Amino acid sequence: MLILTCATKLQLLERVLQKSLPQTLPVCGAVMHINRGNPAQHEVVVDSWRKFKAVLTRPRTEVVKDSGDYYANVHAAFSWDIDACQSLLENPEAIDWGRAFQLQGLQEELYNVSKSIAEARCVELKPNFYQVILSPDPSTCCPSQFKSDLFHFGTLNSSHAVLINETWSLGGNDRSLRYLNDLICKFPSACLLDKEGQLASWTLSNPLACLTHSYTLPQYRGHHCYAVVALTAARKLHAKGFPAYGAILPDNKAAKQGLMKYEGAHALPFTKYTLFFTPGCESPPNWRK
Ligand SMILES: CC(C)(COP(=O)(O)OP(=O)(O)OC[C@H]1O[C@@H](n2cnc3c(N)ncnc32)[C@H](O)[C@@H]1OP(=O)(O)O)[C@@H](O)C(=O)NCCC(=O)NCCS
């Protein structure tokens, strides 16, 4: 395996991954961020060069200091070959299984391979399965039926992180607060404020260029805020050349209904695997059941 540091090689890798979209989401999004200023300080690992068969993105070693922090320690992977995938994931220089981390990808084999490695190493796995939503060109679509007199656009900043953390079903702890604050400061997002200037609805994006953490406060639901914030954040990413995609839990009816007001967005026939690994076969700390 090797860590790709050469800008020309990283550009070439991006073009190869783009040719295999949408299957290469979210690795492609991570590589694109790396090639555009690298706000999360991630790096790319490949099994070999030039004929690579497996690609992994991860934070640089010095970035995540807390070995129990699987929020910030976000990895993404894609492979054209299951054996290459297995070798890369098993390689201790590619993944440190002694630290908490998350792994994202759209391939079932990625899930199966990482699950068996985790079992063999007594690493706790908490898997989450999402439906992938893609918006091919958010610049051309518009959300319908939005009551714009009740809300106005704002800009997320660090002071909003506490509320966003409190309302996130997988958050609510100090690590998730730190992670969300990082997303707010480093990646495109969108929000609507109410008449008093308080946060009403928001969408963030992450180091994998995935639209995420969408939320509308209960008192403002049903006003179609979700489609507006998701579309606005999607447009920001799309304007920088990123594929605009997100993921929802398959049984999240409100999210599905909300996205129907966002014309042009459609579900892809792929599952996004978001896999949380914690060493020692213990449940992740503060995990909300
Ligand atoms: C999913 C969510 C973001 C939708 O936000 P929203 O701004 O209310 O979106 P919409 O106004 O388009 O409403 C979407 C659907 O929610 C449901 N809804 C409407 N009013 C509601 C209310 N007062 N309370 C709860 N749900 C309501 C309806 O099914 C509605 O669809 P409909 O208008 O076609 O009937 C919001 O429900 C939420 O924050 N849920 C918790 C977090 C979450 O699931 N996030 C999405 C992760 S991808």
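Modeller: Before anything else, a polar contact here means a pair of N or O atoms within 3.5 Å. The model is predicted, with residues numbered from 1 along each chain as its sequence is written, and its local features need pLDDT of at least 70, while side-chain atom pairs count only at pLDDT 80 or more and totals for chains, interfaces and linings use all residues. Side-chain values use heavy atoms, and hydrogens and water are left out.

Colleague: OK, so which residues are closest to the ligand?

Modeller: The closest are Ser214, Thr216, His224, Asn252 and Lys261, out of 17 residues that surround the ligand, where surrounding means having a heavy atom within 4 Å of it.

Colleague: And what does the side chain of Asn252 do there?

Modeller: An N or O atom in the Asn252 side chain is 2.7 Å from an oxygen atom of the ligand.

Colleague: How far is the backbone of His224 from a ligand oxygen, and that of Cys225?

Modeller: For His224, a backbone N or O atom lies 2.6 Å from an oxygen atom of the ligand, and for Cys225 a polar backbone atom is 3.4 Å from an oxygen atom of the ligand.

Colleague: Switching to pockets: what lies nearest the centre of the largest one?

Modeller: His213, Ser214, Tyr215, Tyr226 and Asn252 lie nearest the centre of the largest pocket, which is lined by 49 residues. A pocket is an open set of points on a 1 Å grid where a 1.4 Å probe fits, with protein on both sides within 12 Å along at least five of seven lines, and lining residues have an atom within 4 Å of a point.

Colleague: Where does the largest pocket lie relative to the domains?

Modeller: It lies between domain 1 (2-130 + 273-279) and domain 2 (135-269), because both give residues to its lining; the domain bounds come from an automatic or database assignment.

Colleague: New topic: which peptide bonds are cis?

Modeller: A cis bond joins Leu21 and Pro22, with omega about 0°, and the bond from Trp49 to Arg50 is also cis, with omega near 10°.

Colleague: Where do Pro22 and Arg50 sit?

Modeller: Pro22 is in the loop between helix 1 (7-19) and helix 2 (27-34), whereas Arg50 is in the loop between strand 2 (42-46) and strand 3 (54-59). Helices (H or I, at least four residues) and strands (E, at least two) are DSSP runs, numbered from the N terminus.

Colleague: And what is the phi of Asn38?

Modeller: Asn38 has a positive phi of about 50° although it is not a glycine, and Asn38 belongs to the loop between helix 2 and strand 2. Most residues other than glycine have a negative phi.

How values were computed. Polar contact = N/O pair within 3.5 Å; in protein donor to acceptor, adjacent residues only side chain to side chain.
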